[in-house]
Amino acid sequence: MSKQRVLTGITTTGTPHLGNYVGAIRPAIQASERDDAQSFYFLADFHALIKCQDAEQVHQSTREIAATWLALGLNTDKAIFYRQSDVPEIPQLCWLLTCQAAKGLMNRAHAYKAAVAANQEAGEDPDYGITMGLYSYPVLMAADILMFNANEVPVGKDQIQHVEMARDIAARFNHHYGEHFVLPEARVDEQVSVLQGLDGRKMSKSYGNTIPLFLPEKKLKKHINKIKTNLLEPGEPKDPDDATVFQVWQAFATPEQTASMRLAFAEGIAWGEAKRQLFELINDQLGEARERYNELMDNPVYVEEVLQAGAAKARAHSQPMLEKLRAAVGIRPLG
Ligand code: TRP
């Protein structure tokens, strides 16, 4: 039986933070160990250009994200780990799909609609600042997914609609040209925690409330000390379910450690002490990976080699697939 194909992309616009680790990177690395599945994980650097026109930032983020996944132990003998832009078949497929994608479907994309709504609210022209990149973003994402006939696409809730659009576009292509594409399914893991940030909202770059994953020890401690708490004094019982410190603890702790922290809250542990323990817990778990990360950041030539090897594996799939698709649409040698 052929393996389930699991595929997901990471847009290269920022520095990985604890929320990315808990919500996406850690479960993806675990899933890549499954024997019944082949994972495809890639750096979505073409997608980055939609959100970010700062060339240095796109480059630096690519470097950091690649180093992060490798430092955390992604096994690249098992998982196919590559950079989107190293697979030229993807933008070609994107065009074939663009010619099948209904404009009306793209009109309904949440990200595009939000941009239009923001313009209207600001009294601007509805199209103000909206590029064709943003508008057709879901088609590029469909190309990423369909190129490798992925069955499962692990994503956050905000991306479900994009995976559904990929299904729509795939079905339309299949209808015209024959059964070439598997219809992918979004997988939203309900068990994976959504980490709270410093201010108690979801940890997210757009809220500016993140704790970067591989901060030096001292800075990690400082950030953890900035997590929002209330004014309860040492000795006063505290409600763990209402505390970001506890919520973050839970994302890193074993069930036993969680139970004992719960007890400590009931017994009135001081905020400072809870944060000290949280720092120890995270620092112990990430310390070794942080060392590897720093080594990898100092050795971009090696990271590049790993990405090139990944691209070669990805292209072993994408080249024959594109050949077949080109022939299907009528683009083939005359002789
Ligand atoms: N758009 C996704 C995000 O912002 C990243 C992404 C690009 C992706 N291509 C993909 C995710 C294909 C899953 C499959 O999170």
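Mentor: First, a definition: a residue is near a molecule or strand if one of its heavy atoms lies within 4 Å of it. This is a predicted model, in which local features need pLDDT of at least 70, side-chain atom pairs count only at pLDDT 80 or more, and totals for chains, interfaces and linings use all residues. Residues are numbered from 1 along each chain as its sequence is written, and side-chain values use heavy atoms, with hydrogens and water left out.

Trainee: Of the 14 residues around the ligand, which come nearest?

Mentor: The shell around the ligand divides into eight nonpolar, five polar and one charged residue. Here Ala, Val, Leu, Ile, Met, Phe, Trp, Tyr, Cys and Pro count as nonpolar, Asp, Glu, Lys and Arg as charged, and the others, Gly among them, as polar. Of the 14 residues, those that come nearest are Thr11, His47, Tyr137, Asp144 and Gln159.

Trainee: How many Å is a polar side-chain atom of Asp144 from a nitrogen atom of the ligand?

Mentor: A polar contact is a pair of N or O atoms within 3.5 Å; within protein, one must be able to donate a hydrogen and the other to accept it, and residues adjacent in sequence count only if both atoms are side-chain atoms. Thr11 has a side-chain N or O atom 3.3 Å from an oxygen atom of the ligand. Gln159 places a polar side-chain atom 3.0 Å from a ligand nitrogen. For Asp144, the distance to a ligand nitrogen is 2.7 Å.

Trainee: What percentage of the ligand's accessible area does the protein cover?

Mentor: Accessible areas come from the Shrake-Rupley method with a 1.4 Å probe; for residues, only the protein chains shown count as cover. On its own, the ligand has 370 Å² of accessible area, and the protein covers 89%.

Trainee: Which elements give two or more residues to the shell around the ligand?

Mentor: Helices (H or I, at least four residues) and strands (E, at least two) are DSSP runs, numbered from the N terminus. By that naming, the elements giving two or more residues to the shell are β1 (4-11), β2 (37-44) and α8 (137-146).

Trainee: What separation do the centres of domain 1 and domain 2 have?

Mentor: Domain bounds come from an automatic or database domain assignment. The assignment gives domain 1 as 4-193 + 300-329 and domain 2 as 214-295. Taken over C-alpha atoms, the centres are separated by 33 Å.

Trainee: How many residues does the contact take from domain 1 and from domain 2?

Mentor: Contact means heavy atoms within 4.5 Å. The contact takes 10 residues from domain 1 and nine residues from domain 2.

Trainee: Why is helix α11 largely enclosed by the rest of the structure?

Mentor: Buried means under 20% relative accessible area, exposed over 50%, partly exposed in between (1.4 Å probe, protein chains only). The buried residues of α11 include Phe246, Trp249 and Phe252. They pack against α1 (18-31), α12 (255-266) and α13. Helix α11 (residues 244-252) is largely enclosed because the number of its nine residues that are buried is eight.

Trainee: Leu296 is in α13. Which residues does Leu296 touch, not counting those up to four places away in sequence?

Mentor: Leu296 is buried, at 12% relative accessible area. From Leu70, Leu296 is 226 residues away in sequence, yet 8.2 Å away in space, C-alpha to C-alpha. Leu296 touches Ala67, Leu70, Ala71, Tyr302 and Val303.

Trainee: Is Asn149 buried or exposed?

Mentor: Asn149 sits in the loop between α8 and β4 (152-154). Asn149 is not a glycine, but has a positive phi of about 45°. Its relative accessibility is 17%, so Asn149 counts as buried.

Trainee: Last one. Which residues is Arg83 in contact with, leaving aside neighbours within four places in sequence?

Mentor: Arg83 is in strand β3 (residues 80-83). Arg83 is buried, with a relative accessible area of 12%. Its contacts are Leu43, Asp45, Thr62, Glu304, Leu307 and Gln308.
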